Amino acid sequence: MKTVINKAEEKMKKSIASLEHEYTAIRAGRANPSVLDKINVDYYGVPTKINQMAAVSVSEARMLVIQPWDMSTLKTIEKAIQTSDLGINPTNDGKVIRIAFPPLTEERRKELVKDVHKLAEESKVAIRSIRRDANEKLKAMKKDSAITEDDLKDGEKEVQNLTDKYCKKADDTAKAKEKEIMEI
């Protein structure tokens, strides 16, 4: 029974970690190299992440600097950024690519907050799904007489407590990201 509960908690932790990773890619007005994580560049026929083919650094609060190790890829990196859904035009000076992040408009902030809440809800759905799977395993153990009725009730209660804890964590993470987005 403990292994079922521990596996469920492990999966719930991964769900929260995934949510936090998704949030790093959401631009909150400040330059953050992780916004480039979803962009792939065609590097000699192979889709490659920008951070694997260039040094990405934050030069100012709203400025990212991308310095490719292979200068021949400068144009392809620039093109990949332009065609991405970032909505930002990079500038190329022949040696490095600069991406200036403009301040977010009120409307864009509200859109981002909606995305944040949608991701949090998806995470909570995943957590509830983990709860359902764990409860089904516990019921199967009860059916096979591996645990008693009281053990089943205790296990379900423990799984529910974990579910509540991680759903609250998802909400708290969403609130923190919302606060970060809405601050000017």
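The model is predicted, with local features needing pLDDT of at least 70 and side-chain atom pairs counting only at pLDDT 80 or more, while totals for chains, interfaces and linings use all residues. Residues are numbered from 1 along each chain as its sequence is written, and side-chain values use heavy atoms, with hydrogens and water left out. Helices (H or I, at least four residues) and strands (E, at least two) are DSSP runs, numbered from the N terminus.

**Helix α2**
- In α2 (residues 74–83), L74, I77, E78, A80 and I81 are buried (under 20% relative accessible area with a 1.4 Å probe, protein chains only; exposed is over 50%, partly exposed in between).
- The strands that the buried residues of α2 pack against include β3 (54–60) and β4 (63–68).

**The sheet**
- The order β3-β4-β6-β5 gives an open sheet of 4 strands with antiparallel pairing (two strands pair if DSSP finds at least two bridges between them).
- β3 and β5 are at the edges with a single partner strand each, so one side of each has no neighbour in the sheet.
- Between β4 and β6 there are 4 bridges, in the antiparallel sense.
- V65 has R98 in β6 as its bridge partner.

- On a 1 Å grid over the protein atoms alone, a cavity is a set of points where a 1.4 Å probe fits but cannot get out, and a pocket is an open set with protein on both sides within 12 Å along at least five of seven lines; lining residues have an atom within 4 Å of a point.
- The largest pocket holds about 400 Å³ of space (grid points are joined across faces, edges and corners, and a volume is the space filled by probe spheres set on the points).
- That pocket has 16 lining residues, and A25, I26, K38, D85 and R108 are the closest to its centre.
- Helix α3 (residues 106–143) gives the largest share of the pocket lining, 6 residues.
- The largest cavity, at about 70 Å³, is lined by V4, K7, A8, K11, I130, D133, A134 and K137.

**T163**
- T163 sits in helix α4 (residues 149–182) and is buried, at 1% relative accessible area.
- Beyond its neighbours within four places in sequence, T163 is in contact with M12, I127, R128 and R131 (heavy atoms within 4.5 Å).
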